[in-house]
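User: I would like to go through this model with you and ask, for each description, what value stands behind it.

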Amino acid sequence: MASIAPDHATDLLLVIDVQNDFCPGGALAVPGGDEVVPAINGLAQGFAHVALTQDWHPTDHHSFASSHAGRAPFDTVDVAYGVQVLWPDHCVQETEGAAFHPNLEAGHAELIVRKGFRREIDSYSAFFENDRRTPTGLAGYLRERGFRRIFLAGLATDFCVAWSALDARREGFEAVLVEDACRAIDMEGSLAAATADLEAAGVSLVRSTDIAIA
Ligand code: VGL
Ligand code: ZN
């Protein structure tokens, strides 16, 4: 693929959930989760504009298996907005697990979007909560700032990164997912399903070496 040069006016790098709990040793560790950190640090240098998301749950969040008697992590339950996967307790507000990976170098990030803070609703996407209607405000922010193309990287490819990329398209942005700067949970074919959805939605799937970092 031809090299893509980030446009300093209209491109933004959106870094999804690079938090301790999604890295090895964390409560919901994604295999190789910490390996995204050097790749993202390299990318971030090439973008004038960076935003971060931070999964940010109250202690009794409904996505936690511990909130449902007799249920185990990775079971699914039916909730008002559809099927919800039950997760181990993770990214609890103000805990070390919810903190960004200590080696993440994105000090110039302009915005941190916290999500999943409503007890009854999970939020994978940076744009909409899992009821698919409650906005986080990110689309309005990006539009008001004049961004048109969103590059995505982080954790996990098949959940929060994919849902964010699909919603970026739904909101009319170009979306570019940097595959080697993401890692997946890959539960029961979830990565293959997400990849098919991303391609169908017109999300560009690229490698970090495809991006020209000036
Ligand atoms: C995520 C499951 C639960 C993610 C967040 O960041 O992909 N996955 N909460
Ligand atoms: Zn979560």
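User: How many positive and negative side chains does the protein chain have, and how far apart do the centres of the two sets lie?

Analyst: In this predicted model, the protein chain carries 15 positive and 31 negative side chains, with Lys and Arg counted as positive and Asp and Glu as negative. The centres of the two sets are 7 Å apart.

User: What makes the protein chain as compact as a globular protein of that length?

Analyst: Its secondary structure consists of 4 helices and 8 strands, which follow one another from the N terminus as β-α-β-β-β-β-α-β-α-β-α-β. The radius of gyration is 16 Å, close to the 17 Å that the globule rule gives for 214 residues, and therefore the chain is as compact as a globular protein of that length. Along the principal axes, the C-alpha atoms fill a box of roughly 55 × 30 × 30 Å.

User: What percentage of the residues is called buried, and which residues have the most contacts inside the largest nonpolar core?

Analyst: Buried means under 20% relative accessible area, and residues that are buried make up 53% of the 214 in the protein chain. The largest nonpolar core holds 63 residues, and Leu14 and Phe127 are those with the most contacts inside it. In soluble globular proteins, nonpolar side chains tend to be buried together.

User: Which residues are in contact with leucine 14, leaving aside its neighbours within four places in sequence?

Analyst: With contact taken as heavy atoms within 4.5 Å, the partners of leucine 14 beyond those neighbours include Ala51, Thr53, Ala126, Phe127, Leu138 and Ile150.

Notes. Residues numbered from 1 in each chain as written. Chains lettered and ligands numbered in written order. Predicted model: local features only at pLDDT ≥ 70, side-chain atom pairs only at ≥ 80, totals over all residues. Heavy atoms only, no water. Helix = DSSP H or I, 4+ residues; strand = E, 2+ residues; numbered from the N terminus. Rg over C-alpha atoms; globule rule 2.2 N^0.38 Å. Buried < 20%, exposed > 50% of the residue type's maximum accessible area, 1.4 Å probe, protein only. Charge placed at Lys NZ, Arg CZ, Asp CG, Glu CD. Core = buried A, V, L, I, M, F, W, Y, C linked by side-chain atoms within 4.5 Å.
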